Amino acid sequence: VDVYSALTLGPGIDAVDGTAYAPNVVSGGWRMRGNATLTVLPGTTILFNDGTYLDLGACCSANERGHLVADGAQAAPIVMRATSNSTATGWYGLYFYGPYGAGTSTLRNLTISASRDEGIETYQYGDLRLDNLSVYNSGRGVYINRGSATIRNLYVNQTVNDAVRFYDASPTVDGLVIERSQSHGLWAGYSAARVTGARIARPAAYGVYLYGCGVVTLADVTI
């Protein structure tokens, strides 16, 4: 489904008796386009049926940019997960596409789980801000590909592939916990990344794997 206008999803609390409606369910892939913004309110749960996804932006024009504002609260976080709760058959996660460096998105106090691909993947996306994000039981936690991101307090637990991956990217990370990656904890290739305050526990391969040219700065990192 291509969405070209602003859309808001909320927790759906009945105004009469306060009863919560059933969670929002995505039964087909969604793609925010035409400079449209998807806003997700605090306390919202979105269930993605197997094989579905949420794309922010599309190829190949600056007019195809898409934006996501998922600004949860500590007392009312936002949850996005597969209906089946299965990594093998679940949804494909969030994909931020900005071939012209376009797009602005903020995700705060958000939990993502049971993505068969990445919890979050970006490609040349302009401005992505992640704050207090948790990714559980997914193919990969966060993949920044040819772009930048500002990340604070990222927690990734139980991934099939690298928990966090940077390629030709320039992210800044302040606060990172990785646990039980079935591959590398942090993989960075050809990147100019800065990671401060990280703890990487029980990866199946290397805690940190650096590939190719690039300048990666690590400070206060425990493996």
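## Labels and their grounds

Reply: In this predicted model, the largest nonpolar core has 50 residues, and those with the most contacts inside it are Met 80, Leu 94, Leu 107, Ile 120 and Phe 166. Strand β13 (residues 127–138) gives the most to this core, with 4 residues.

Me: Which residues does Leu 94 contact, leaving aside its neighbours within four places in sequence?

Reply: Leu 94 is in contact with Leu 54, Leu 68, Met 80, Leu 107, Ile 112, Glu 118, Gly 119, Ile 120 and Glu 121.

Me: How do you know how far the predictor trusts the model, and where is pLDDT under 50?

Reply: The mean pLDDT of the protein chain is 91, with 92% of its residues at 70 or more. Over residues 13–19 pLDDT stays under 50, and the model has 7 contacts for them beyond four places in sequence.

Me: What makes Arg 31 and Asp 2 a salt bridge?

Reply: A side-chain nitrogen of Arg has to be within 4 Å of a carboxyl oxygen of Asp. For Arg 31 and Asp 2 the N to O distance is 2.9 Å, so the pair meets the cut-off. Arg 31 lies in strand β4 (residues 30–32) and Asp 2 in strand β1 (residues 2–3), so the bridge ties together parts that are 29 residues apart in sequence. The structure holds 13 salt bridges.

Me: Why can such side chains pair at all?

Reply: Side chains of opposite charge can do so when their charged atoms come close.

Me: Why does the pair of Asp 55 and Arg 31 count as a salt bridge too?

Reply: Its N to O distance is 3.8 Å, and the limit is 4 Å, so this pair also qualifies. Asp 55 is in strand β7 (residues 54–56) and Arg 31 in strand β4, so the bridge joins parts 24 residues apart in sequence.

Me: Are Asp 55, Arg 31 and Asp 2 buried or partly exposed?

Reply: Buried means under 20% relative accessible area. Asp 55 has 12%, so Asp 55 is buried. Arg 31 has 23% and Asp 2 has 37%; both values lie between 20% and 50%, so these residues are partly exposed.

Me: What about Arg 146 and Asp 168?

Reply: Their closest N and O atoms are 3.8 Å apart, and the two form a salt bridge. The pair links distant parts of the chain, 22 residues apart: Arg 146 is in the loop between β14 (140–145) and β15 (150–159), and Asp 168 is in the loop between β16 (164–167) and β17 (172–181). Arg 146 is partly exposed at 33% relative accessibility, and Asp 168 is partly exposed at 40%.

Me: Which residues do salt bridges with shared partners join into one network?

Reply: Asp 2, Arg 31, Arg 33, Asp 55 and Glu 64.

Me: How many aromatic pairs does the structure hold, and why is the pair of Tyr 95 and Tyr 97 called tilted?

Reply: The structure holds 9 aromatic pairs. The ring centres of Tyr 95 and Tyr 97 are 5.9 Å apart and the planes stand at 40 degrees. Tyr 95 is partly exposed at 23% relative accessible area, whereas Tyr 97, at 17%, counts as buried.

Me: What makes the pair of Tyr 190 and Tyr 211 edge-to-face?

Reply: Its planes are at 85 degrees and its ring centres 5.6 Å apart; the angle is over 60 degrees, so edge-to-face is the label. The two residues are 21 apart, with Tyr 190 in the loop between β18 (186–189) and β19 (194–201) and Tyr 211 in strand β20 (residues 208–211).

Me: How do you know that the charged end of Arg 140 sits over the ring of Tyr 143?

Reply: The charged end of Arg 140 is 5.4 Å from the ring's centre. The distance limit is 6 Å, and the charge must also lie within 35 degrees of the ring normal. The charged end of Arg 165 sits over the ring of Tyr 143 as well, 5.8 Å from its centre.

Technical notes: Residues are numbered from 1 along each chain as its sequence is written. This is a predicted model: local features need pLDDT of at least 70, side-chain atom pairs count only at pLDDT 80 or more; totals for chains, interfaces and linings use all residues. Side-chain values use heavy atoms; hydrogens and water are left out. Rings of Phe, Tyr and Trp (its six-membered ring) pair if their centres lie within 6.5 Å; planes under 30 degrees apart count as stacked, over 60 as edge-to-face and the rest as tilted. Buried means under 20% relative accessible area, exposed over 50%, partly exposed in between (1.4 Å probe, protein chains only). pLDDT is the predictor's confidence in each residue, from 0 to 100. Contact means heavy atoms within 4.5 Å. A nonpolar core is a set of buried Ala, Val, Leu, Ile, Met, Phe, Trp, Tyr and Cys residues joined through side-chain atoms within 4.5 Å.
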